[in-house]
Amino acid sequence: MPRQVIATAEAPTSPLFSQAVKAGPFIFVSGTVGIDPSTGSLAGGTIQEQTRRALTNCQAILQAGGAGLDDVVEVGILLTNPADFAGLNEEWARWFPSDPPTRYGVKLGVDVPGLLVSIRMTAYTA
């Protein structure tokens with residue numbers, strides 16, 4: 001099964017990893033943070049602001065691969081501070097008000113100044 005690298009200027013990029021890879025009917029979105037691609041800066045200092053931007057970035061990557069948030073089946077949430085979980089859920093509920101995908105959360109092991117959250121997704125497009 002060939003794999004297809006998915007890329008968009010509408011989300012942060014790096015030469016070290018692909019924003020997403022499509023393999024068969026699945027799109028695997030890399031851990032995506034709340035950086036505004038137009039400025040290269042974090043979207044704000046709150047978990048809600050960074051979660052909103054990270055989800056916006058994930059949505060743009062999915063769209064570049066021909067999918068949307070309704071196609072997402074699994075999400076991984078990495079939090080710098082587990083105490084931010086309630087704030088993350090506050091923003092999350094706006095994006096997935098019903099029938100949300102499966103989800104897991106873990107503590108982010110890398111210390112990046114100002115970074116509060118990283119979100120990765122898997123979508124099914126068949």
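The model is predicted, so local features need pLDDT of at least 70 and side-chain atom pairs count only at pLDDT 80 or more, while totals for chains, interfaces and linings use all residues. Residues are numbered from 1 along each chain as its sequence is written, and side-chain values use heavy atoms, with hydrogens and water left out.

**Exercise 1. Find the salt bridges and say which residues are linked in a network.**

Step 1. Start with the criterion: a side-chain nitrogen of Lys or Arg within 4 Å of a carboxyl oxygen of Asp or Glu. A search of the whole structure gives 3 salt bridges.

Step 2. Take Glu-91 and Arg-52, whose side chains meet at 3.0 Å, N to O. Glu-91 belongs to helix α2 and Arg-52 to helix α1 (residues 47-64), so this pair ties together parts 39 residues apart in sequence. Helices here are DSSP runs of H or I with at least four residues, strands are runs of E with at least two, and both are numbered from the N terminus.

Step 3. Now look at Arg-94, which also meets Glu-91 at 3.0 Å, N to O. Both residues lie in α2, 3 residues apart, about one turn of the helix. Together, Arg-52, Glu-91 and Arg-94 form a salt-bridge network.

Step 4. Check the burial of each member, where buried means under 20% relative accessible area, exposed over 50% and partly exposed in between (1.4 Å probe, protein chains only). Glu-91 is buried at 2%, Arg-52 is partly exposed at 35%, and Arg-94 is exposed at 55%.

Step 5. Finish with Glu-74 and Arg-120, which meet at 3.7 Å, N to O. This pair links strand β6 with strand β8 (residues 117-124), 46 residues apart.

**Exercise 2. Which residues of α2 are buried, and what covers them?**

Step 1. List the buried residues of α2: Gly-87, Leu-88, Glu-91 and Trp-92.

Step 2. Look for the cover, using contact as heavy atoms within 4.5 Å. It includes α1, β6, β7 and β8.

**Exercise 3. Describe the largest nonpolar core.**

Step 1. Such a core is a set of buried Ala, Val, Leu, Ile, Met, Phe, Trp, Tyr and Cys residues joined through side-chain atoms within 4.5 Å. The largest has 25 residues, and Leu-62 and Ile-77 are among those with the most contacts inside it.

Step 2. Ask where the residues come from: β3 (26-33), α1, β6, α2 and β8 each give two or more. The largest share, 6 residues, comes from α1.

Step 3. Zoom in on Leu-62. Leaving aside neighbours within four places in sequence, its contacts include Ile-27, Val-29, Val-72 and Met-121.
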